Amino acid sequence: MNAQLDNLLRHPGVWRGDRLGITERPGQPTGYVGLDALLPGGGWPRGALTELICQEEGIGELSMLLPALAGISREDRWIALVAPPYIPYAPALAGAGVDLARLLVVRAGNTADTLWAMEETLRSGACGAVLAWPSLIDERSQRRLQLAAEAGDSTCIWFTPARQAANASFAALRIKVMPARDGTLVHIVKRRGGGPAPALVLDHALAGPPLPRPAPADIRPAA
Amino acid sequence: MLWLALHFPDLPLQIYAPPPDAILAVAGTGRRPEVLAATGPARALGVVPGLSVAAATALAPGLVVQPRNPHREAETLAGAATWALQFTPEVSPAPPDALLLEIGGCLRLFGGLDRLLGRVRDGLAELGLDGVPAVAPTPEGARTLARSGLELSVPDLAELRRHIAALPLDSLDHSAETLTSLANLGMRTIGDCLALPRDGLARRFGPELPALLDRILGRQADPRQAIVLPDRFGNRLELFAPVLEVDALLFGVKRLVTELCGWLTARNAGVRRLTLSLGHEHRPATPLPLALVTPQRDPAHLFMLLRERLHRIDLVAGVSELSLAADETTQIEPLNFSLFGEREHIREDCLNLAERLQARLGMAAVSGLSLCPEHRPELAWREVAPGAETTAADFPPRPFWLLPRPRPLAMRDALPWLDGPLSLERGPERIESGWWDDAFVRRDYFLARTASGARLWVYRELGTMERWFLHGIFA
């Protein structure tokens, strides 16, 4: 009886209020132990969408992804940057341990091309992560991208300026990113099968060398 | 010897690779031309072979009638023969409407007759040709079986004779006049004909008829001239009417791509650059060149790239002809078990992905990144082909984003200003380089923080006039 109950409780569709949802796919480790602990699957969701809502540019919103990107490129999977707003600076990426030979920069002229390129890269199965800066993603496109991410087992992260952020989205994970004194303040707005999470400061000391596997000490609760 | 005959009953129509909804008929020539063949939608409107063209146009107002074009039929047959060279080097066209392939030597390679026939059928579907296959020990025998619509595989001469004898007389590729006289004599099947004395048959109807029967049954040698694998690939296809919609072109494109890939397979090569040209009636052709990262011969992939390419252009004039040329090819090794199998696959997937993206967004829109050993930040990186290995170089901490062009910053109280005063947190890092070329720089870089907490990479230009610039963002 107990075994059956345990089995039932392990079903991904069942969520108990006191713990994180169980996902079928393990996530892509973020490189921050404290953040992994708050995310279902223990990392950036694979085969699902993540929306990063950024209060402004230059607050470490990409630096916080670099450990995960370095991990993906070391696994010989590719990383696509779709419609980046500026030049992704090769020395910064290489300095963080990302293998540049696994990087694909895709410039797209308009929203339709951006969404198409996102879908193609996600669906291809070659890209471990797709980072995108679309100007707008309507609900229908989000559903298509979700299916593409599932098909390609890829991590899709897109960036939305805070002033444009909608109240709801299809993303499995929505994170608000804010500036902090020496790091980046992340606030999980939505996660699959999880209630509200405490805000965290990720300390990716700019001056320090890249940390492939950061020590647990790099995280502390927000003041 | 084992021969595979492919008979194309609808070749006069299918030289145009018409889309499935085309209302098209091909008519004979003469004073009162008659319909010889019509597409499905045209037949549904009552346009059947034998109808006069005048009556057919009255029945189906949208009908396009083309005169029969034996020259194009021969070209289409030659194109299909090029494609068939991937199966066997012994391919010979049997005009007007059949191909003959000697397959006795290649059955093992393809894993048996059934598998080979399966691949041939799939290929014919891609070519947009309806072909009836038949297999027999003699070329003429196989062709006669195929002509009568029998998809048979006959292994030996005795059985071939049995099958041939049961066929109606008009399965023979012989003059209609002779066949009518034979019918008037009361003969219904080829078997009736075979029962007659050979000498008498020759005296009465000429030597051709018994010779044909001998070739069918293998009693007389029947050497066939195999076509030579062309050195260059350049095939074309005329459309039955000028086309303004890309989707209607795709059937023709698919045929040309399939022919190309058959040719590439026969040469054990892959294509690196190809050009699809859209021919117009009264203006120069529109060339659509395509360059590939790796040599390719996968018809599905090439077709998809060309389709994306076609969807990106505006057709300014009706397209009346398509042609496809392989501009550069290289030998490729057959697929082998690779030591790094999985990795190679991902790499290939990604390069295919890059090609797909480039086909739609343009070559320049998709790139990889590489480092350059150079102090000037704007020259320390460059765009490379996706997947290109990079050189290693060490840099102090650098921002994730670089601005395409440094943006001048306002100054207040001798400090740079961007929506508020910028506080300089780290620096300066002196970069002074390039005195040997025109892009001499002398700058002090700082990490600056805005009032709202964003981190920026700014520099002070050293010189007579001190100016501040924003060059990057620590995103």
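Biologist: What percentages of helix and strand does the chain have over residues 24–136 of chain B?

Modeller: The chain is 41% helix and 23% strand there, where helices (H or I, at least four residues) and strands (E, at least two) are DSSP runs, numbered from the N terminus. This is a predicted model: local features need pLDDT of at least 70, side-chain atom pairs count only at pLDDT 80 or more, and totals for chains, interfaces and linings use all residues. Residues are numbered from 1 along each chain as its sequence is written, chains are lettered from A and ligands numbered from 1 in the order in which they are written, and side-chain values use heavy atoms, leaving out hydrogens and water.

Biologist: Why is Gly27(A) called buried?

Modeller: Buried means under 20% relative accessible area, exposed over 50%, partly exposed in between (1.4 Å probe, protein chains only). Gly27(A) has 13%, so it is buried. Gly27(A) lies in the loop between α1 (2–10) and α2 (33–38) of chain A.

Biologist: Why is Phe440(B) called partly exposed?

Modeller: Its relative accessible area is 46%, so Phe440(B) counts as partly exposed. Phe440(B) sits in the loop between β17 (423–433) and β18 (441–449) of chain B.

Biologist: What makes the link between Arg360(B) and Asp113(A) a salt bridge?

Modeller: A salt bridge is a side-chain nitrogen of Lys or Arg within 4 Å of a carboxyl oxygen of Asp or Glu. For Arg360(B) and Asp113(A) the N to O distance is 2.9 Å, and their side chains meet in a salt bridge. Between chain A and chain B the count is four salt bridges.
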